[in-house]
Structures are given as C-alpha cells and as structure tokens.
Amino acid sequence: MTSNEMNATGIVNAVVVPHPPLIVPAVGRGQEAQITPTTVAYEKAARFVVDAKPDTVIVLSPHATMYGDYFHISPGAEASGDLRQFGAGQVRLRVTYDQELARHIGDAADRTGFPAGTQGERAPALDHATMVPLYFLNEAARGTLPFKLLRVGLSGLSYAMHYGLGQMMADAVAALGRRACVVASGDLSHYLQPSGPYGFRKEGPVYDQKVMDILGRAAFDELLALPEDLCEQAGECGQRSFVIMAGCLDGRAVQAQALSYQDVTGVGYGVCLFTPGARDDARQFLKKQEGNT
Ligand SMILES: [Zn+2]
C-alpha cells in the first residue's frame, strides 16, 4: 500500500467472512481443526482490515436487531459481548461505537425518508455474527481493537434497499473524512451435507457456488440479481450483508480475491477480500438496474 492510499479516506477495503462460533478455539475445543483452511483465510482477512488502519470498522450482522422494514444501527457509546451462549464466556470483547457516524447516517436517512437509524434497539450485547469477526480482528491487532465500530443489522426489505443503505453509509464515511473498513459477516447455505445439522437441499451447493463465483469477480450486479427464492431455499444467512457491502463499494473499481470456501460442517463458509480503486461509473449497479426498468 502506498502512503497516498494510507492517507485516503472513505471505504478503504471490505471483507466477507463467516461467523461459526466453533472456529474460536475456546468454543471449538478441537472441532475447529476441520475448518483450518477457513481459519487461515480468516486470519489473513483480519490482518487485511487491521493493516488498513481504519478509524471505524462497519460490521454488517445478520444476527443483530433486525426489522422487516427498518435497518437498525446500534446506538450508544459502547457495547460488549461474549460467547457464553456457546460455552466460552471467557471470550469477551468491548467496543466503542462511532456515534458520530451512526448519527450522520441516521440524519441522512431521515432527510431522504430512508428507513434506517438507531431506533428500536432490542439486543445491546454484541451478537455472535459480530463477536466472531471481532475475535479475529482483536487477535490480528494483538489484543486491542484500535478502531471504533458501527454495527448494522439487516432487514426484510429488498436487495435494492440493502444496496442503497450501503451507498448511504459510504457517503457518510466520506463526508466525515473517516477511513472505514466493511466486514460483511455472513454464512452461506445451511443445507450442504446430509449429515449436517440442517440436512441437505440441492439449492444449497447451487447458491454457494454461484455466490463464491460472483464475489470472487466482484460482480455485484449478479449479486443483486440472484433470485430471492434460490437464496431462501438455500437457507443462506449472509446474502443481504454482502449486498450492503456491495452498495458501500458502488461506483468504484473493485479488486476481489476469494480466499477460501468450505462446506464440511454442512454450513458454507466463504472468505473474500475486496480492494476498491478509482471511480467507475459502469459499476453504479443500482442506478443501472433502475435505468433498465
Ligand atoms: Zn448466521
């Protein structure tokens, strides 16, 4: 990375990561060995984020407070969480929220009538889809979290609305002169192995193969176009996280790298890195989609 890039503000990079609690050794107690390739890729993704020296990390979490018709952004000055629910209460993390960024996004949403903001919090503690990425970031940063956090939930709204939220967040990050990294937390299909906890459905591997191919090419137009019934039948968790992330990178050239994919536990785990570059109007995918209808 050149010093010029280090000084740049806005969204500086993004990652897609899964959130299986058992990948944390205190939870897995040896079981994590079956997903070692995912661990290795995850450590690389965490270093990628930490090395970018973000002011703020935006975690998109499928297991934060979620509404059918509203995107919830965690309010307040700070939060903490642990993995007690998974038998490892000693894995505990505390974060400081980027309140100014949360407020800026909420204000922008209010001005445009977009359904997003810090209202309606139901679960202040950090959820496991936030905790697992933070665990890796904390390890990569040698036991500190040298950035603020913005925790954003998904909604039952359309993919286009998720993408729009990403655009709005990228604008807010740029307006405040922040360096921000986006962590799109999400597992893939839950129906990949007959022996897995949820069994097998043919749509599972179909979705996983498609989404890993799409992410590996940063082909976010195709991500927006994935049929919702395929995603539903595949029992995916992270699709809408990935779509918000894509919105955060709207209108920019993106270099993508798919680092790993595993399905051994019956749930799909993908790790990908994204580096945005210069403006590229051909990649304004929502604008293009609207132009076509
Ligand atoms: Zn999940």
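Is F274 buried or exposed? F274 has 0% relative accessibility, so it counts as buried; buried means under 20% relative accessible area, exposed over 50% and partly exposed in between, with a 1.4 Å probe and protein chains only.

First, the basis. This is a predicted model, where local features need pLDDT of at least 70, side-chain atom pairs count only at pLDDT 80 or more, and totals for chains, interfaces and linings use all residues. Residues are numbered from 1 along each chain as its sequence is written, and side-chain values use heavy atoms, leaving out hydrogens and water.

Searching the whole structure gives five aromatic pairs. Rings of Phe, Tyr and Trp (its six-membered ring) pair if their centres lie within 6.5 Å; planes under 30 degrees apart are stacked, over 60 edge-to-face, the rest tilted.

One of them is Y42 with F136: the ring centres are 3.9 Å apart and the planes at 10°, so this pair is stacked. Y42 is in helix 3 (residues 36–51) and F136 in helix 5 (residues 128–140), so the pair ties together parts 94 residues apart in sequence. Helices (H or I, at least four residues) and strands (E, at least two) are DSSP runs, numbered from the N terminus. Y42 is buried at 2% relative accessibility, and F136 is buried at 4%.

Back to F274. Its ring centre lies 5.8 Å from that of F220, with the planes at 50°, so the pair is tilted. F220 belongs to helix 8 (residues 220–225) and F274 to strand 10 (residues 269–279), so the pair ties together parts 54 residues apart in sequence. F220 is buried too, at 0%.
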